[in-house]
Amino acid sequence: MLATTPTSPQRTRFGSLLAGLSALVSIWPSSTTPLRYPHRDEAEALLGDGVRIGDDMRIVIERERARAQAAAN
């Protein structure tokens, strides 16, 4: 199967693969320092997610309670 592009003539699959890989390599991050995960393990990450979700739910419940009380008055 041949792919055609407006800027180049027909390419073979291998040529398209090489073009795609070269594009990937050109945008691949080349960090010299290793990235550190902000949590010690998955359990700590899940605990943090649960706390954030609970805090968000608490805020919404309090806001809706205040809105219902304002509408009742």
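Aspartate 55 and arginine 58 form a salt bridge in this predicted model, with their closest N and O atoms 2.8 Å apart; a salt bridge is defined as a side-chain nitrogen of Lys or Arg within 4 Å of a carboxyl oxygen of Asp or Glu. Both residues belong to helix 2, where they stand three residues apart and are thus separated by about one helical turn. Aspartate 55 is partly exposed, with a relative accessible area of 36%, and arginine 58 is partly exposed at 48%. Under the cut-offs applied, buried means under 20% relative accessible area, exposed means over 50%, and partly exposed lies in between (1.4 Å probe, protein chains only).

The model is predicted, so that local features need pLDDT of at least 70 and side-chain atom pairs count only at pLDDT 80 or more, while totals for chains, interfaces and linings use all residues. Residues are numbered from 1 along each chain as its sequence is written, and side-chain values use heavy atoms, with hydrogens and water left out.

The search of the whole structure finds five salt bridges. One of them joins aspartate 49 to arginine 52, with the closest N and O atoms 2.5 Å apart. These two residues lie in helix 2 (residues 42–72), three residues apart, or about one turn of the helix. Aspartate 49 has a relative accessible area of 33% and is partly exposed; arginine 52, at 47%, also counts as partly exposed.

Glutamate 64 forms a salt bridge with arginine 67, where the closest N and O atoms are 3.2 Å apart. Glutamate 64 and arginine 67 are both in helix 2, again three residues apart, about one turn of the helix. Glutamate 64 is partly exposed, at 35% relative accessible area. A network of salt bridges links Arg63, Glu64 and Arg67.

The chain as a whole has two helices and zero strands; helices (H or I, at least four residues) and strands (E, at least two) are DSSP runs, numbered from the N terminus. Of its 73 residues, 4% are buried. The accessible surface comes to about 6900 Å², and carbon and sulfur atoms account for 64% of that area. Accessible areas come from the Shrake-Rupley method with a 1.4 Å probe, and for residues only the protein chains shown count as cover.

Leucine 21 lies in helix 1 (residues 13–27) and is partly exposed, with a relative accessible area of 42%. Together with Phe14, Leu17, Leu18, Leu24, Ile27 and Trp28, Leu21 forms a nonpolar surface patch with about 770 Å² of accessible area. Patches are made of residues with over 30% relative accessible area and no salt bridge; like charges are joined within 9 Å, and nonpolar side chains (Val, Leu, Ile, Met, Phe, Trp, Tyr) within 5 Å.
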